[in-house]
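Please keep the sequence and the coordinates in view while reading.

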Amino acid sequence: MRVPLTWLREFAPTDLGAEQLAEILIPRGVLIEAVECPWEGLDGVVVVRVLEVRDHPNSDKLCVARIQHGSGEAELVVGVRNMAPGDLVPWAPPGARVPVLTEPLATRRVRGVDSNGMLCSPRELAISQDHSGILILDQEELRVGDDLKRGLGLDEAVFDIEVEPNRPDFLSVYGVAREAAAATGVKLVPLDTSVDEMTDAVADAVTVRIDDPAGCPRYVARAVRGVAHRPSPLGVQARLTACGVRPIDAVVDATNYAMLETGQPMHAFDLDRLAGPGIVVRKASDGERLLTLDDVERTLTTKDLLICDAEKPVALAGVMGGRTSEVSEETADVLLESAYFARSGVLLTARRFDLHTEASHRFERGTDPEACSGAAARSATPFRPRGRRRCSTASG
Amino acid sequence: MDPSELLRTLETERAHGRDLFASAASLEELDAANTAVLGRKSRLGEVQRALGTLEEARRRELGKAVNEVRAELAAALEARRNALTVDAESALLAADAIDMTLPGRRGPEGSVHPLTLVEDEIVGLFLRLGYRVAEGPEIEDDWHNFQALNIPEDHPARTMKDSLYVSIPGHPELLLRTETSAVQIRTMQSQPPPVYIVAPGRVYRRETPDATHLAVFHQVEALVVDEGITFADLKGTLEAMAQGLFGEDRKIRFTPSYFPFVEPGAQIGVTCFRCGGVGCPTCGNGWIELLGAGMVHPKVLENCGYDSERYTGFAFGLGIERVAILKYEIPDMRLLIEGDVRFLERFGAA
């Protein structure tokens, strides 16, 4: 488990530095194997506004961008042109350093035009793997002249923790924060699980039926209407990347973010693609088939627990979702699953299919049945600065 | 020949034959002398043939004399033959004699393998503390290797290490033991408390060997079960071991860790024996993580039929290869199993 220190401090607001905190936590069983600084190589990158983008006089592909930084203007040659005048972008001026380059930036002549530093893609800043274009920054989040590292909270360490099977609570940022709060004496900040609920009755949106209460004693479902498929805020993307999870879009990221934060695995279904719409949790019948998200057709046995809609299986409980109900770019309404599955069943299913996921890893070690509801709320309203979504809840 | 002449010849031949036999220097010469003295064409033969010409009384008298001389010479011949045979054998033996004073040629001398050195040292330490050595089979069943050690079928710890299974018809669920801990179970099943054992042995994991891991390696496991055993006993024992192995000044530290068969469990670090704990290339930060330990889980005691309300215990296990590479500054664990004589010679017979 990888825990960014800024995230940990949201719940355990200690002033201790990374090394000091590690020294306190290790003897308490938080086996911190390394204190990493993924953004150590990032220095001097600032937020600038694009004023003009024009063709490079001697190249078909390159362009020349004129930018406004905190104390004036500058020009530089850029290889892509996804930015437009008015956009905020990250600029590494001469002398600045970015993680992907070993040397600081300099002023160079590129085909007869002086180029001062570079504009950066998300990958060049170690924020995500995206290298398709220059990172366009959020106008509400950042201002011209801001230091990008400080502005996005990229200036802190990440704990790389080896988690033994007896401490599944350390498979979440909140769990490690709980230990850190106890160890340092600071007060643990409770998770804010308030949700801006819709007025319609959730029973009208979706039904939940559990046929195997031993395998699934609790199933919390939340319907989220009108989701927007846009990238998550950069700070969120950076945290996911630092934890080793690839940012996709705000919907998928929200479930992963909530899982890393609370330790409760989440799954998002496309509500419109669920027949009924309703959820049935039951044991599979021998020979029943399910196409999982990794495009493998799985042949099931009566030992495997299934999540089904009114007609067909839609997920291998606690292990992996199915293709048919996968969230896509077209998804408007989402059904969020936040459940407790019995350890043993998930472990044996995951082992038999040799299918080990972030979800199965947590379920087979034991999750907190009391965390289901809170985690569902967290992933229904994940990124507060961006405005809340409207939700309704159904649980069984 | 007249009788008196025959008598004289007889006397001459008696003396002549004796001399000839006595002077024969070899068995060949003796054979020649035999023919010359006692043969048909010898003088004695002539005398015998001449007997027929004599009258009855003389013939009987002389015949008797001839027989006496013949018998006497035959005896002399035989005596000499015996003497010469013994001499010939002695000569043969003398010619073949081994020179016992020659210095022998030395074969190359083997040395004790470093793993054996370390194992003997650790086991010796515990024997002096009053422990006894216990052993178990290297092919174990699932119950001894896992279930009895509080690792049921659905335990996540089963994925922590990959096991090598053995396929023997009629014996399902056999595997090469992944830890010497199974010896704990077999010992407790075979005797009532108190238990003070040390169990060295070979273990197997499905692992690709590298500089710090082998697929086949050795552990030493210790188990103590008695009334009133506490964590303090574990601490004192480990301190004694660390100091015995790495020197009197060693300190130890406990970090919480997890092994299903102990509760609580700990990882034990020892101050570096090279730098004394300030930090060096051997240890990094002054501490060497040496072994895993803990108080025996009550379920493990109960699985072996012990009363977990009455008895408590501790157990620990350490890798012999790991101690060896630390102690002898061996850069790559694989050197220990390659059998390169140049490497092994460094650990000359002590």
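In chain A, the cover over the buried residues of helix α8(A) includes β17 (305–308), β18 (313–316) and α9 (358–365). Helix α8(A) itself runs over residues 343–353, and its buried residues are G345(A), V346(A), L347(A), T349(A) and A350(A). A residue is called buried if 20 or more other C-beta atoms lie within 10 Å of its own, exposed if 12 or fewer, and partly exposed in between, with C-beta atoms placed from the backbone. Helices (H or I, at least four residues) and strands (E, at least two) are DSSP runs numbered from the N terminus. Just after α8(A), D354(A) adopts a positive phi of about 50°.

The model is predicted: local features need pLDDT of at least 70, side-chain atom pairs count only at pLDDT 80 or more, and totals for chains, interfaces and linings use all residues. Residues are numbered from 1 along each chain as its sequence is written, while chains are lettered from A and ligands numbered from 1 in the order in which they are written.

Two of the strands that cover α8(A), β17 and β18, also belong to an open, five-stranded sheet of chain A with the order β11-β14-β17-β18-β19 and mixed pairing. The edges of this sheet are β11 (207–210) and β19 (320–321) of chain A; each has a single partner strand, so one side of each is left without a neighbour in the sheet. Strands count as paired if DSSP finds at least two bridges between them. Strands of a sheet pair through backbone hydrogen bonds, either parallel or antiparallel.

Elsewhere in chain A, strand β10 (residues 158–162) is joined to β1(A) by three bridges in an antiparallel arrangement. V3(A) has F159(A) as its bridge partner in β10(A). Strand β2 (residues 31–36) of chain A also runs antiparallel to β10(A), with five bridges between them, and here I32(A) stands opposite I161(A).

Chain A as a whole has 10 helices and 21 strands. Its radius of gyration is 23 Å, close to the 21 Å that the globule rule gives for 396 residues, so chain A is as compact as a globular protein of that length. This radius is taken over C-alpha atoms, and the rule is 2.2 Å times the number of residues to the power 0.38. The C-alpha trace of chain A spans about 70 × 50 × 40 Å along its principal axes, and buried residues make up 47% of the chain. Of the contacts in chain A with a separation of 6 or more, 72% are between residues 24 or more positions apart; a contact requires C-beta atoms, placed from the backbone, to lie within 7 Å.

How is chain A divided into domains? The assignment gives domain 1 (2–36 + 156–184), domain 2 (46–151) and domain 3 (202–395); such bounds come from an automatic or database domain assignment. Between domain 1 and domain 3 of chain A, 12 residues of the former are in contact with 12 of the latter. On the domain 1 side, β1 (2–4) and α4 (173–184) of chain A are the elements that give two or more residues, and α4(A) supplies the largest share, three residues. That side divides into eight nonpolar, two polar and two charged residues. Here Ala, Val, Leu, Ile, Met, Phe, Trp, Tyr, Cys and Pro count as nonpolar, Asp, Glu, Lys and Arg as charged, and the others, Gly among them, as polar.

Chain B is assigned domain 1 (3–95) and domain 2 (114–347), with 93 Å between their C-alpha centres. L176(B) lies in strand β4 (residues 171–176) of chain B and counts as buried because it has 20 C-beta neighbours inside 10 Å. Leaving out residues up to four places away in sequence, L176(B) touches E138(B), I139(B), L164(B), V166(B) and Y204(B). Helix α10 (residues 320–327) of chain B is mostly covered, with seven of its eight residues buried. Finally, seven residues of chain B are in contact with 13 residues of chain A.
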